[in-house]
Amino acid sequence: MKKINESFTCTHCGKQISQAAKTCRNHCPYCFVSLHVDGKIPWDRATTCGWTMYPTAYEIRNWQIKILFQCQKCGKIHRNKRADDDEVEKLDMYSKQYKDALY
Ligand SMILES: [Zn+2]
Ligand SMILES: [Zn+2]
């Protein structure tokens, strides 16, 4: 399975996102918004949904933060590890904000 690690411009905050150093970037490290591009398997890029996914919750397991993203269109939920350079101190604020505003 080919992993896609590419730089992109965030559709939400408009910041230019560079490639993640160690992991595949799938969400914006600044506002945590992601796009629904994966199907059943993370990184498979198998869905045509393409809608915006917002982080609505997160959980901490084995000292790792996992972020739960929900697709605004189809409701699909993805879990993803945080990236090393995510601004995690803002995650709590953002996830509450998105949840209140959108769902
Ligand atoms: Zn962003
Ligand atoms: Zn979707």
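**Exercise 1.** Decide whether histidine 36 is buried or exposed in this predicted model.

*Solution.* Start with the cut-offs: buried means under 20% relative accessible area, exposed over 50%, partly exposed in between (1.4 Å probe, protein chains only). Histidine 36 has a relative accessible area of 3%, so this residue is buried. Cysteine 49, at 16%, is therefore buried as well.

A word on conventions: this is a predicted model, where local features need pLDDT of at least 70, side-chain atom pairs count only at pLDDT 80 or more, and totals for chains, interfaces and linings use all residues. Residues are numbered from 1 along each chain as its sequence is written, chains are lettered from A and ligands numbered from 1 in the order written, and side-chain values use heavy atoms, with hydrogens and water left out.

**Exercise 2.** Find which atoms coordinate the zinc ion (ligand 2), and work out the arrangement.

*Solution.* First, look for donors (N, O and S atoms within 2.8 Å of the metal, or 3.2 Å for Na, K and Ca; water is not among the atoms, so sites may look incomplete). His36 (ND1), Cys49 (SG), Cys71 (SG) and Cys74 (SG) coordinate the zinc ion (ligand 2) at 1.9 to 2.3 Å. Next, check the angles: four donors count as tetrahedral if all angles lie between 85 and 135 degrees. Here they span 104 to 126°, so the arrangement is tetrahedral. Finally, read the spacing of the donors along the chain: H-x12-C-x21-C-x2-C.

**Exercise 3.** List the contacts of tyrosine 98 beyond its neighbours within four places in sequence.

*Solution.* Contact means heavy atoms within 4.5 Å. With those neighbours left aside, tyrosine 98 touches His12, Cys31, Val33, Tyr54, Pro55 and Tyr103.

Notes: Four donors count as tetrahedral if all angles lie between 85 and 135 degrees; four count as square planar and six as octahedral if opposite donors are over 155 degrees apart and all others between 65 and 115; anything else is irregular.
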